Amino acid sequence: MEDRSLKICVAGTGYVGLTTGVCLAAIGHKVTCIDIDAKKVEMLRQGKSPIYEPGIEDLLRLAADRLTFTESFADCRSADVIVLAVGTPSTATGKADLSYIEAAAATVAENLGEGKLQVVVNKSTVPIGTAQRVKLIINQVLAGRGGPKSRFAIVSNPEFLREGVAVHDTLYPDRIVVGGDDVEAVNILRVMYTPILEQTFTAPNCCPRPEGFPLPALVTTDGTSAEMIKYAANAFLATKISFINEISGLCEKVGADVAEVARGIGLDKRIGPRFLQAGLGWGGSCFRKDTAALRSIGNEYGYAMPILEGTVSINGRQRMRVIEKLQESLKVVRGRTVGILGLAFKPNTDDLRDAPSVDITQALLEMGCRVKVYDPVAMDNFREHYAGLAVEYCATPLTLAENCDAVVLVTEWDEFFRLPLGEIASRMNGEKVLVDGRNILKPSQVQTAGLKYIGFGR
Ligand SMILES: NC(=O)c1ccc[n+]([C@@H]2O[C@H](COP(=O)([O-])OP(=O)(O)OC[C@H]3O[C@@H](n4cnc5c(N)ncnc54)[C@H](O)[C@@H]3O)[C@@H](O)[C@H]2O)c1
C-alpha cells in the first residue's frame with residue numbers, strides 16, 4: 001500500500017498545537033512539535049504533558065517513535081506541512097494580538113526548504129486577512145534570503161476542539177474546514193486528514209471511536225470564509241448560552257424553571273438541546289477574545305454587531321448575579337466565609353483563562369469575605385497565576401465547607417454531581433447557602449440535606 005504519511009511541523013504546543021501534533025502522529029504522520037518555551041519542550045521530551053488534557057499522555061507514549069519535541073524550526077526545511085498553532089490573545093482594545101503568529105511565520109520562512117510545495121497552515125484563530133498577512137511576511141523574509149526558491153502556500157484550517165475532550169474532538173470531529181485557493185495545497189491537507197476523514201486509523205484505547213460515528217465532512221472553501229467560519233461558530237455558541245441566560249433571569253421573575261424551558265425548546269430540532277444550560281455563563285480562552293476580535297473587525301468596517309454586544313454584556317452580568325444572590329440570601333456579605341467549588345473555566349481542564357471563578361473570587365475578596373477554594377486539577381495553576389488573590393486552598397469539598405456561610409458551585413466537575421450534601425451542611429455555618437452556578441444539583445435533595453438552594457432561573 002502507498003505510504004501517505006507526511007512530514008509535519010507544528011509550531012506551538014499549547015492546547016491546540018500539542019493535541020494536533022500528537023493526534024497527527026497517532027494517525028501515522030511524522031510530527032515535529034516546536035515551542036519557544038524550553039520548559040514545555042523538556043517536559044514533553046520526558047513524555048509528560050504540560051497541560052491537563054485527558055488522553056494526551058497516552059498518545060505521547062503510543063506515537064513516541066513518530067514524535068519529536070524541539071525549540072528549533074530546522075525540521076521545517078523538509079516538512080510537507082507546517083502548522084501554526086500559537087496563541088492569539090486579545091490586546092487591550094479587543095483586537096487579536098498577532099505578534100506570536102507573525103514571529104512564528106517569520107521563523108518558518110527562515111527555515112523553509114526548496115523545491116517541493118510546502119503548506120503553511122493557520123490553525124490559530126485569526127482575524128480576516130491573516131492568511132494574506134502571513135504570506136506577506138514569509139515573502140518578505142524569503143526576499144531577504146536572496147530570492148524565492150521556496151514554494152509555499154497558505155491554508156486556513158481553523159480548529160474547533162473543546163478543551164477537556166480535545167483528543168476526542170480531533171480524532172472524531174464534526175467537520176474539518178480547509179480554506180485556500182491553491183488546489184495542490186488543499187489536496188495535501190486532504191491527504192493529511194484522510195485517516196480522520198475516512199476513519200481508517202486504529203482507534204487508541206484512551207479514546208475509542210464512538211459507536212455509529214458518521215464520517216466527518218470536509219469543508220473546502222476560500223481562505224476568508226474559513227477565517228470567518230471559526231469566529232462565527234464561537235460567536236454563535238456564546239450567543240446561545242447568553243440567550244438562555246437572558247431567559248433564565250426572566251424565569252426567576254415570573255416563576256418559571258429555565259431547565260424545563262430549555263428542555264422544551266431544545267427538543268425542537270431547529271434549536272437543539274446543547275449549549276442551553278443556564279448558569280454562570282461562558283469562559284475560557286476563546287469565547288471572550290474571539291467575540292472581542294469579531295466586534296473589532298466589525299468596528300474596522302463601521303459595522304454594528306448588536307447581537308454580539310448583547311451576548312458579551314449578558315455574560316458579564318451572569319457572573320455578578322452570584323454576588324447579588326449572596327447579598328439577597330446573606331444580606332450582609334462582608335466578613336462572611338464563602339467556598340468556591342471549582343476554579344477551572346469548565347470541567348476536565350486546568351485552564352483558568354477568563355474563568356468565572358476568578359471574577360467571583362476577586363469580587364468576594366473586595367467585599368471583605370474570607371474565600372476558600374477547591375478544584376480537582378486547577379489549584380496549582382490558580383496559585384501560579386493569581387498569587388495576589390488571598391484565598392485558602394482546600395484539599396476536598398468537605399474541608400472547603402468547614403465554617404462556610406455559603407458555597408458557590410462554579411465548575412460542573414463530575415465529582416460535584418455526587419457531593420456529600422449532608423456532611424457539607426453539617427460543616428457549614430449560619431444560613432448554609434449553596435449557590436448552584438451550573439444548575440446541576442436537584443434543589444429538593446440540597447434542601448433535604450439542610451442547605452438553602454439557590455440556582456439560576458429555577
Ligand atoms: N484552547 C482552545 O480550546 C482552542 C480551540 C480552538 C482554537 N484555539 C485557537 O488556537 C490558538 C492556540 O490556542 P491554545 O489554547 O493552544 O494556546 P496556548 O497559549 O495554550 O499555546 C500557545 C503555545 O504557542 C507557543 N508559542 C508562542 N510563540 C511561539 C513561536 N513563535 N513558535 C513556537 N511556539 C510559540 C507558546 O509557548 C504556547 O506553548 C489560538 O489562536 C486559539 O484561539 C484554541
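How are H11 and H12 oriented to each other: roughly parallel, roughly perpendicular or oblique? The legends below begin with this pair. The model shown is predicted.

**Figure 1. Helices H11 and H12 where they meet.** Helix H11 covers residues 306-330 and helix H12 covers residues 356-366. Their axes come within 9 Å and cross at roughly 40°. An angle under 35 degrees would count as roughly parallel, and 65 to 115 as roughly perpendicular; H11 and H12 are therefore oblique to each other. The crossing of this pair, H11 and H12, is right-handed. On the H11 side, the contact is made by Arg319, Met320, Val322, Ile323 and Leu326. On the H12 side, Pro356, Asp359, Ile360, Ala363 and Leu364 take part. Sorted by class, the contact of H11 with H12 has eight nonpolar residues, two charged residues and no polar ones.

**Figure 2. Helices H4 and H5 packed against each other.** Helix H4 is made of residues 99-110, and helix H5 of residues 130-144. The two axes are 8 Å apart, and the helices pack at an angle of about 40°. H4 and H5 are therefore oblique to each other. H4 passes H5 in a right-handed crossing. From H4, the residues in the contact are Ile101, Glu102, Ala105, Ala106, Ala109 and Glu110. From H5, they are Thr130, Arg133, Val134, Ile137, Ile138, Val141 and Leu142. The contact of H4 with H5 divides into nine nonpolar, one polar and three charged residues.

**Figure 3. Tyr231 and the residues it touches.** Tyr231 lies in helix H8, which runs over residues 223-254. Is Tyr231 buried or exposed? Its relative accessible area is 1%, and buried means under 20%, so Tyr231 is buried. Leaving aside residues up to four places away in sequence, Tyr231 touches Ala96, Thr125, Val126, Pro127, Asp290, Ala293, Leu294 and Ile297. One of these, Pro127, is 104 residues from Tyr231 along the chain, yet the C-alpha atoms of Tyr231 and Pro127 are separated by 8.3 Å.

**Figure 4. Asn403 in a loop.** The loop that holds Asn403 runs between helix H14 (397-401) and strand S12 (406-409). Most residues other than glycine have a negative phi. Asn403 has a phi near 65°, a positive value, and is not a glycine. With a relative accessibility of 37%, Asn403 counts as partly exposed.

**Figure 5. Lys432 in a loop.** What is the phi of Lys432? It is about 50°, a positive value, although Lys432 is not a glycine.

Figure 6. Along its principal axes, the C-alpha trace spans about 75 × 50 × 45 Å. A compact globule of 458 residues would have a radius of gyration near 23 Å, and the 24 Å of the chain agrees with this. Of the 458 residues, 53% count as buried. Among contacts in the chain with a separation of 6 or more, 73% are accounted for by residues 24 or more positions apart.

Methods. Residues numbered from 1 in each chain as written. Predicted model: local features only at pLDDT ≥ 70, side-chain atom pairs only at ≥ 80, totals over all residues. Heavy atoms only, no water. Axes fitted to C-alpha atoms, helices over the stretch in contact; angles between N-to-C directions. Helix = DSSP H or I, 4+ residues; strand = E, 2+ residues; numbered from the N terminus. Parallel < 35°, antiparallel > 145°, perpendicular 65-115°, else oblique. Left-handed = near helix turned anticlockwise from the far one by under 90°. Contact = heavy atoms within 4.5 Å. Nonpolar A, V, L, I, M, F, W, Y, C, P; charged D, E, K, R; others polar. Buried < 20%, exposed > 50% of the residue type's maximum accessible area, 1.4 Å probe, protein only. Rg over C-alpha atoms; globule rule 2.2 N^0.38 Å.
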